[in-house]
Each structure stands twice: as C-alpha cells, then as structure tokens.
Amino acid sequence: METLNPERSAAHHPLFQVAFSWQQGAADGLELPGVEAAPEPVVTGTAKFDLLLQAGEPARRGGQGLTGLVEYATDLFDRDTAEEFAERFVRLVGELVTDPPARIDGVDALLPAERERLLRDVNDTAVPAPDVTVPELFARRVAATPDAVAVVSGAETLTYRDLDARADRLARRLVRHGVRPESPVAVAVPRSPAYVVAVLAVLKAGGVYVPLAHDHPAERLEFLLRDARPALLVTASEVVAGLPAGGCPRLLVDEPGGDLVDEPGGDAEEATGPAPAAARPDQLAYVIYTSGSTGLPKGTGVSHRAVVGLAADRSWSGGAHDRVLLHSAPTFDISGYELWVPLLNGGRIVVAPPGALDVDALAAVVAEQRVTALCMSAGLFAVLADARPESFAGVREALTGGELVPADAVARVLRACPGTTVVNAYGPTEATVFATTHRIADAAAVGAEVPVGRPMDNTRVYVLDDRLRPVPRGVEGELYLAGPGLARGYAHRPELTAERFVACPFGGPGERMYRTGDVVVWTKDGDLVFKARADDQVKIRGHRVEPAEVEAALATHPGVARAAVVARESPGGTGGHQLVAYVVPVAAAGGSAAAGGGGARDAGEASRVGEASRAGDVSSAGEVPSAGEVPPAGEAPAREAPPAGEILSADVSGSLRAHLARRLPPYLVPSVFVGLDDLPLTRNGKVDRRALPDPRGPAARTGTAGAAPRTPTERAVAAIWAELLDRDGIGVHEKFFEAGGTSLSLLALSGRLTELGGHKLPLSALFEHTTVEAMAGLVDDATAADTTDEMGFEL
C-alpha cells in the first residue's frame, strides 16, 4: 500500500473492488457421532468488496460439480444483475468444459434470451415510410396547405405556395446552368429564407446541395470546392466577395433571374411550369463535410430516402414540431432537422436573425415567434439553461446532443419550464442527423447521466465487441447503426467508406451497418448510455473534430516540429470541451520542422515560435523577427526548451492561432497552446494522449498578462473572467480567446457583463473588444448597446 499509494476512498477497498475466490475440496459438512451437521452461510448484511464471486468443489461429492455464491454491494448492483453474473459464469464454465481448447475470449457469454432481446426486440422499429424524394413529399404539403406559412424570418414570411414558386424558378435556372441528376451544387448563402429556397431548388433540379459556411477560411473553402467538384456555386451578393475565386461558375440568388428577383423578359412558361424533380429516392440529397481523421475534411453523402425517413419519423408527431427554429450553421448536420422536419410535415421554419446570437437574442426569437421545438448542441443548451432557463417556456420539445448532455442543465430547464420535454438526440452525420432519442419530461426523473436512448423508426442499433458479437447489458461495446437512414458513404473516398460502412451480420444480404466509434452500454431499462470514444475523435460545440486534422494544420507552421491536440473540459462550468494543442517547437526538436512553407512571413513565424517557446523570458517573443533576423540554420538556441506543460506566450499562441484561422473553421482552432520538449509516446511509438499534461501556466507566464486591473470595473470584469476560465491573475491586456475562452464561455460572459453594467452588451461588441480593459470600458459606457455590427461565429 505504501509503495503503490493508491487514491484513498471511504467508498471502496483501495487496491481492488472485484474478487474471485476458488475453494478446492471445501468441506460441505461435519460428521459427529449422533449428530447431523451441515454448513450454513452467515449473512452479515455487508459486502467486503463491490463484487465477490466464490466457487469451489465440495469434498463430500468427490470433486463432482461446483457450488458458488455471488456477494455484491447493494449500493452498486441489484439482485437481477447479480443473478446474471452467476448465470453467465455457469454458461462460460459449461462452454469451456465442452470444448477445453477454446479460447476464453472466443466463448460467447450472452444468454439466449439476452441475445434475442438485444438483436431483435430493441430493434423492432420497422414502420412504413414514404417511397418518395424530398421534392415529391414537399409537393404533397404544398397541395395540402398552400397558404400555410412555411418560412418566417422577422417580418418576412413565405407560404408553401410562395416557397414552391421561388424554388421552382431557381431550379429552372440551375438546370440552365448545367445542373443534372446528382450534380453537386455548393450553397454559400447566409441564414435566411433565401437559403431555404436555394437548397430546395437544388433538390428540385435533381442536384445535390453541398452547404458551405461563407465565413470559413478561404483555404478550407478552396479545398471543399476542389473535393466536392460542384457544377455551380450558389451564393448571395452580400458574401460573394469573401469567397475564393476558382473555376466553379457562380449564381447569385438575389441577382436578376435568381429566385428573389424575377428575370426580365423571361419565358412565361418557364416562369410557371414545373421544375425538374429528383429521379429516385436513392439519389443523393446533400453532401455535408465534417472533420477527417486523415487530416482533411470528408464529405458524407445522404440520400433522399434517408432525409424523408428522418422527416417521417413518429418522434415528430403530435404538433410539438410545428414551429422549428433554424439557427445552426449550414455545415452542422442539425440544420437538416431544422429544415426538413418542419417543411416536410407541413410545419413552419423560424429563421433566427443573421449574425452572432447571444443568449438574449435566442430567447427573444423563441418567445416572439412562439417556437415549439429547437435543437442545439449540449454546450449551448447548458449555457442557455444556466443563464435563461425560463427561455424554454412555450418550447414543447428541446432537442440537444452532439456531446455529453449535462444532467443538471436538463433538470434546471425542466424545473423552470414544466411543459417542456428535453430530448437527448444522438446520431452521427452518417446516420442522417439522429439515430436514437431519449425523452425526459420530469426533473425528478433526471439521473446522474442522460442516456442517448433507443433507436428511432427503421433504425437498428447493435452494441458489439471487437469480434462483432453483441455484449450483455452493462458491458461496454462499440455502437453500430443499421437501416435505410445510413448515408451512402464518403464522397470520392471509397477506402474510408469501406472501412466505416461494413457488412451487417444481423441483416439481409448486402445490408450494411455503420461503425460509429462510440463506446456505449445498455442499461437495465433498455436505454443506451454513451461512455467514451474508441478512437481520438472528440466533439466541440456539437461539431465532430478529428484531432489529426488540427495537428496536420499545425504541422504546416514552419516553427512547429510536432503537435498533438486533445479535448479537455471547458473551464468555469460552462459545459462542453475546448481543444488544447501541445506543440514541440523546431528549436526544441533540433531545428527540424514536420512541414513548412516559404517566404519571409513563414520564416518570421518560425523564429517567433522557436524564440518564445524557450523557457524563462517568454516575453521576448513580443516582436516578430523579420526574415533577415532569423538565426542561421543549425545555430544552437540561446535558451533551453520550455518545461513540460507551460502555456505558450500570448504572442506565440496568437501566431499559431492566426496560422490555423487561415485554414480551419473556428471550432477547430484550439483555445490553449502548450509548449513541450517532446510528445510522450506509448510503447508502440504512438502519442500517449493520456500522458499529456494539463495546461498549468498561469497568466503571469504569458507576455500580455502584465498589468493588473486598476479600476473597480476592471477588477469586477477580471473576476468574472477568472471564474469562467478557472484562472487566477487575469491581466487587463489579455485577450479572451487567447486566455482560453470559447464561444460558449463568451455567451456566459455576455450575460454576466450585462448584469454588471445594467445595460445590454451585444455579442458583436465583445468580439471586437476582447481584453479586460476594453470590456470594462463597454460596461462603463451605456452607449455600447447601440452597436449594430454583426460578426459571424459558430456556436
């Protein structure tokens, strides 16, 4: 005990919690003259360990047969679970006795009744689904309620008739520009009714819409356009100037001839005739790009059949989804729910205002438009639940997911809004937005963790071991999904498609299942609970993030030799996670970068990272050396490499952050950069991510912390920062995001500063005024609320 020094707890034995005891030849009686004696178990009502399994051979039976008992802690296990342990052990021993050469891991411990329940009963989800395309199902809604409101944005409304006509006009124009069945069409239109028109028109023309975020870095957009190979780029005049130039033709939705402006002199028949429609349900409807484990984004292709199946699911019946809020980024697959569930069921899309949305703006649109259903990432849900739980009043169903949903946030919302049901909606992009759901309507029913629930219509779920065998209840396994909602695969990536979409051994000939990489368990109640990832993938604000993509982008910086990226819990209790990058500078690695560019700017950046990452005088990185000031190749560094886990100076972190911001969307840019001598490795030579140290550099180590708060307002703002960022010693010149802040913590900060100053501070103002000093000025200046600047940022 002294040598191991394990973590002590009064709740369990410090060395082990599960024991197996074998008693060979144990006496099963005592022979006395004239007396019959037999052993009787002594029940003390206590358990020495969490679980004890005892087995033995009674001596009197001549070694024939076994006896056993299971002793368990009732705080952790119930009797049914203990009996299942015993039954599985008996089955395991029986199988091994029948076939002694068998490997233990080759024996299936699943009981026959369990197998039937896990493979058949939980997957009894088959229901009839419309065998139509998205435009065909939409046409039915137009015919049924042509004058019902389909889209509302502020004072602007579109009826189903209006939306149909505008989409038809744009669809005909797309066809004239060469769009054919399954032609990819990139769509970079800001959140607005015009965006709804554009994606519907692409489908009516037979094309495949590829949503792009117009405010993402040009390098990323250039790659997506090269990879998607679109026949056309549909965009709007307000954002077209910021899009990368290329060989892809462009069409503006708000130019003459677009959907918003009638084409002068256009053919009357073309203006009113039917638009081309998708040919078949198995045709692709959209391709959406997510982070890729190879270092490059990958596009997931989803069919009309899958979209129609999502919209037709019985989960949306009952009127709760009559008015659905559209607020997610178009590149976030949740937007598929926000578009097609209301539109294909005769409901209404409520378009959130453009630009950055703070807590108050979200709450206002929900109340003003009487939103009945919405979906948001678990992190954003937690922020809203903390700041304005009453804002869910009137919302009949609040869907959340994308990462672990905080149980306390769910309980807080349900206590504030008894008429609201919170739905933990789980599903990867490859399964068309959602695959399982778990509904909670009563705060008293919220447990320590929120399950991801049970499969939706026509969806099958399998929790399997590494031999693709079902695992028993309570045993961790990898989740596989099957059914018509699966994506076709990854665009132009047949090898990756074959790796993730594998043959389903439990379905019909040729049927596939998708390997999610999520580790889950079945609960006693028949729900799935997420436990971990089987790989390095993480979720940031609901977005899938492959660390390899961020690492690859970091490796292109000339001052970076090696890098590793992990997700850690966001500080300050704002929920969710933030990315932390661990960087080995070229100086620490002997002057050899993993990859790099050329030119004076790159050389200056290399010197900047190398100089500033040396321990001690980190503030020396305040100036960026020019190309001529870069030390000659091979020159020994003047100072030692940084100690393990030191946060890089704000100047160096800013250089790395700017480098990534030119290549990656905001949610892929780490919040913290840590300098290391080298990356820890496992015995197999891979990066040991568990051994990467927690960031432990206080603000005093950065070059910008310096000046302490001077005025009462600065001290109050710094105290709020310290609480949200879990930091001490905040300097007045630090920048919020460089100090470890995220967009979710900025939302929480916005609310706290509004309370401090007594007047509303727009989120856009906080994006512009990023230091303690500047934010304190906003708090003291009541006119700051007048700013109307809009800045896009993904939540």
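1. Glu-714 counts as buried because its relative accessibility is 6%, where buried means under 20% relative accessible area, exposed over 50% and partly exposed in between, with a 1.4 Å probe and protein chains only. This is a predicted model, in which local features need pLDDT of at least 70 and side-chain atom pairs count only at pLDDT 80 or more, while totals for chains, interfaces and linings use all residues. Residues are numbered from 1 along each chain as its sequence is written, and side-chain values use heavy atoms, with hydrogens and water left out.

2. Glu-714 lies in helix α17, residues 712-725 (helices are DSSP runs of H or I with at least four residues, numbered from the N terminus). Apart from neighbours within four places in sequence, Glu-714 is in contact with Pro-709, Val-732, Val-772, Glu-773 and Ala-776, contact meaning heavy atoms within 4.5 Å.

3. Helix α5 (residues 193-204) packs with helix α9 (residues 334-343) at about 75 degrees, their axes being 12 Å apart; axes are lines fitted to C-alpha atoms, for helices over the stretch in contact, and angles run from 0 to 180 degrees between N-to-C directions. The angle makes α5 roughly perpendicular to α9, a term that covers 65 to 115 degrees, with under 35 roughly parallel, over 145 roughly antiparallel and the rest oblique. Tyr-195, Val-196, Val-199, Leu-200 and Leu-203 of α5 meet Leu-339, Trp-340 and Leu-343 of α9.

4. The axes of helix α3 (residues 134-144) and helix α4 (residues 160-176) come within 9 Å and cross at roughly 140 degrees, and the two helices are therefore oblique to each other.
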